[in-house]
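Here's a quick briefing to read alongside the model. Keep the structure open while you go through it.

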Amino acid sequence: MKVAEFDYDLPPGRIAQKPAEPRDSARLLHLDRASDTISHHTFRDLAELLQPEDALLLNDTRALRARLMARKARTGGQVEILLLKRLDESRWRALVGGRKIRRGTRLLVGDDACVVLEELERAERVIAFKRPVEQILERVGEVPLPPYIQAELADSERYQTVYGSSDGSAAAPTAGLHFTRELLAQLERKGLKLARCTLHIGLDTFQPVLAERVDDHKIHSEQARLDDCNAAILNRAKKAGGRLIAVGTTSARTLETAAILAAGGDPGAPAPAGSAKPSDPVSAFEASTSLFIKPGYQWRAVDAMITNFHLPRSTLLMMLSAFAGRERMLAAYELAKQLDYRFYSFGDAMLIT
């Protein structure tokens, strides 16, 4: 299958520059796979579309204030640092923007210093800080917004979910941005169960797929965790006949990884369909997952998904196409364009059941 089969045109005006206010006033397109129908709602109507036996899996990661403005210690040249992944107490993998950022280059972030230890592909570098980076981020770090968002964000918490509790992502789990505390309480009053996982999102998630064929793309790996308590919530709901609903592609990836591990499989090379079913649908785990969900994938745990409208040619659109069918997904996107839905991180939402 070619990557070009997941392409579509999007007028720039359809890219949301600011989040909906309030959060749950965003629009919600409901795609029902069983009846092959689409209906249109507001996100705060979500409780009416779900059943009391259902369980939602929320990714509780928070986006780091990982954008740092720096300067070269020797020349004063401007440099931008975007922290991607902690390697140990002092070292980070980072995108470093500036001229001639070589190994050994010393950079100043305010009064703090760091040094480039290693040059990786393109603008990626390994850098080491002299003091705990958390102290630097708290003082001068900024939450990085995706490059397609040009407008300034007055309140950086609007790029965080209301239930986020674990700092570590390079980006927000944007499907969760639509939830308010009141909506979560309404879902629980109806009887739905809320489970939490942690998957720290890397910027590789949003990198364009450069390969011509989908199978030639090397998927990124991300650190994920589902603890015993939350795995038990999901297993009880599934055994009671409820649906497991992934809030976002990151939760879907975590949930499917947990299901593959429960069956004794490898998330990097899932077992074929028809393998023995475990007594519990999912198992608790904490590990790096390199699961690439693309058309042809055999779903094990996810029954429904809440998601945003994603970039063309992206692995996220490929995942949704594996869940609902490529032609059906692209048709839904075309309809959303015609009806002026807002796309990408601050855009409107989809419920796929």
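Leu-199 has Ala-224 in strand 13 as its bridge partner. That pairing belongs to strand 12 (residues 193–199) and strand 13 (residues 222–226), which run antiparallel and are joined by two bridges. A quick word on terms: strands (E, at least two residues) and helices (H or I, at least four) are DSSP runs numbered from the N terminus, and two strands pair if DSSP finds at least two bridges between them.

This is a predicted model, where local features need pLDDT of at least 70, side-chain atom pairs count only at pLDDT 80 or more, and totals for chains, interfaces and linings use all residues. Residues are numbered from 1 along each chain as its sequence is written, and side-chain values use heavy atoms, leaving out hydrogens and water.

**Sheet and its helices**
- The open sheet has nine strands in the order 2-1-17-16-14-3-12-13-15, with mixed pairing.
- Strand 2 (37–42) and strand 15 (285–289) sit at the edges with a single partner strand each, so one side of each has no neighbour in the sheet.
- Helix 4 (residues 228–239) packs on the sheet and touches strand 3 (55–59), strand 12, strand 13 and strand 14 (244–247), where contact means heavy atoms within 4.5 Å.

**Hairpins**
- Strand 8 (residues 106–109) and strand 9 (residues 112–119) pair antiparallel over four bridges, and Gly-110 in their hairpin has a positive phi near 60°.
- Strand 9 also runs antiparallel to strand 10 (residues 124–129), with five bridges; in that hairpin Arg-122 takes a positive phi near 50°.

**Cores and helix packing**
- The largest nonpolar core has 66 residues, and Leu-226, Leu-234, Val-282, Tyr-333, Phe-343 and Met-350 touch the most other members.
- Such a core is a set of buried Ala, Val, Leu, Ile, Met, Phe, Trp, Tyr and Cys residues joined through side-chain atoms within 4.5 Å; buried means under 20% relative accessible area (1.4 Å probe, protein chains only).
- Helix 6 (residues 315–324) and helix 7 (residues 326–338) pack at about 115°, with axes 7 Å apart.

**Confidence**
- The chain averages a pLDDT of 93, pLDDT being the predictor's confidence in each residue, from 0 to 100.
- Over residues 271–276 the pLDDT is below 50.

Methods:
Buried < 20%, exposed > 50% of the residue type's maximum accessible area, 1.4 Å probe, protein only. Axes fitted to C-alpha atoms, helices over the stretch in contact; angles between N-to-C directions.
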